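User: I'm new to this one and would like a walk through it. Could you start once it's on screen?

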Amino acid sequence: MRLLDAAQVRDALEPAALVAALREVFAADDVHVPERMNLRLGADQQDTLLVKPAWRDGGWLGVKIATHHPGNGTRGLPAIHGTYALIDAATGVPVAVLDGTELTRWRTAAASALAADHLAPRVVREHLLVGAGNVCAAVPACYSAVRDVQLTRVWARQPDQAETLAAQLREEGVAAEAVDDLRAAVRTADAITSATSATSPLILGEDVSPGTHVDLIGSFTPDMVEADEALVTSARVVVDVPEARHTCGELAGPLRRGTLTEDDVAVTLADLASGRDPGRRDESEVTVFKSVGTAAEDLAAAVLVWRATTSS
């Protein structure tokens, strides 16, 4: 059995290939993803343990064990850590254990890029990153696989973190700058990606301009929320998987209150990837992609890593 560390996982996940792998898995009909297990940890119930299995008929089986500790930013650590086990589904033999933290951040960014390929404006003059963690750091490389982004702007609660990420992106060849006025940056953005652990809205519908695509990555529980109700009730909303409608704060609250209906959030990433839904319908439409992550993404990314590392 092979042990693949973060560097090996990162080197194997070429963004365009990863977006293509996710497109294929979302369009497929032979992927099995049981309901994931979310367990609250600690006396304050703020930390989470997630167990996420998936398999494909006649192919691979994988299980990710991940933790989400939103307080890790103050410790200088990523909020999400994980370990991934890749198993031959035909025999049950484990073939590899991968760094799940690196796997998660890249497949998350690639899923957003896949959605953006169907929902974002064709021209992205300004792409705003809300948050400066590991996931946001991976987003520009994945977006570049589907869009020519002219300028990437970074906002974070801690301005020094935004400056650090912007500098890192510039070193990678991305035109990037840090901003300190979030609402002003939202107003001029063509695409917005938010990946935070916020529990109150950061992105307000009244600030989002016509034609903007908003990508909400961070929240995956009903008490987490990155955008307000005005945005999700006025935009065209696409979810990565059906359970996102009831597991994230942006949608669960409006659905419960009746300001959103199930029909309003019926379109999934599988509908886009398979061509069942055309995606963006006109230049002025505001679109929202709400993702909570799925084990199918982990499996596709892990198989890509396995094939890249065993063929080299």
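Analyst: Thr-104 is found in helix H3, where helices are DSSP runs (H or I) of at least four residues, strands are DSSP runs (E) of at least two, and both are numbered from the N terminus. This is a predicted model, in which local features need pLDDT of at least 70, side-chain atom pairs count only at pLDDT 80 or more, and totals for chains, interfaces and linings use all residues. Residues are numbered from 1 along each chain as its sequence is written, and side-chain values use heavy atoms, with hydrogens and water left out.

User: Is Thr-104 buried or exposed?

Analyst: Thr-104 counts as buried because its relative accessibility is 7%; buried means under 20% relative accessible area, exposed over 50%, and partly exposed in between, with a 1.4 Å probe and protein chains only.

User: And what is Thr-104 in contact with?

Analyst: Leaving aside neighbours within four places in sequence, Thr-104 is in contact with Lys-64, Ile-80 and Asp-298, contact meaning heavy atoms within 4.5 Å.

User: Switching topic, at what angle do H3 and H4 pack?

Analyst: Helix H3 (residues 100-119) and helix H4 (residues 134-143) pack at an angle of about 45°, with their axes 8 Å apart. Axes here are lines fitted to C-alpha atoms, for helices over the stretch in contact, and angles run from 0 to 180 degrees between N-to-C directions. That angle makes H3 oblique to H4, since angles under 35 degrees count as roughly parallel, over 145 as roughly antiparallel, 65 to 115 as roughly perpendicular and the rest as oblique.

User: Which residues make that contact?

Analyst: Those from H3 include Arg-105, Trp-106 and Ala-109, and those from H4 include Asn-134, Val-139 and Tyr-143.

User: How many residues of H4 are buried?

Analyst: Eight of the 10 residues of H4 are buried, so H4 is largely enclosed by the rest of the structure. Among them are Cys-136, Pro-140 and Cys-142.

User: Last one, where is Ala-235?

Analyst: Ala-235 lies in the loop between helix H7 (229-234) and strand S13 (236-239), and it counts as buried because its relative accessibility is 15%.
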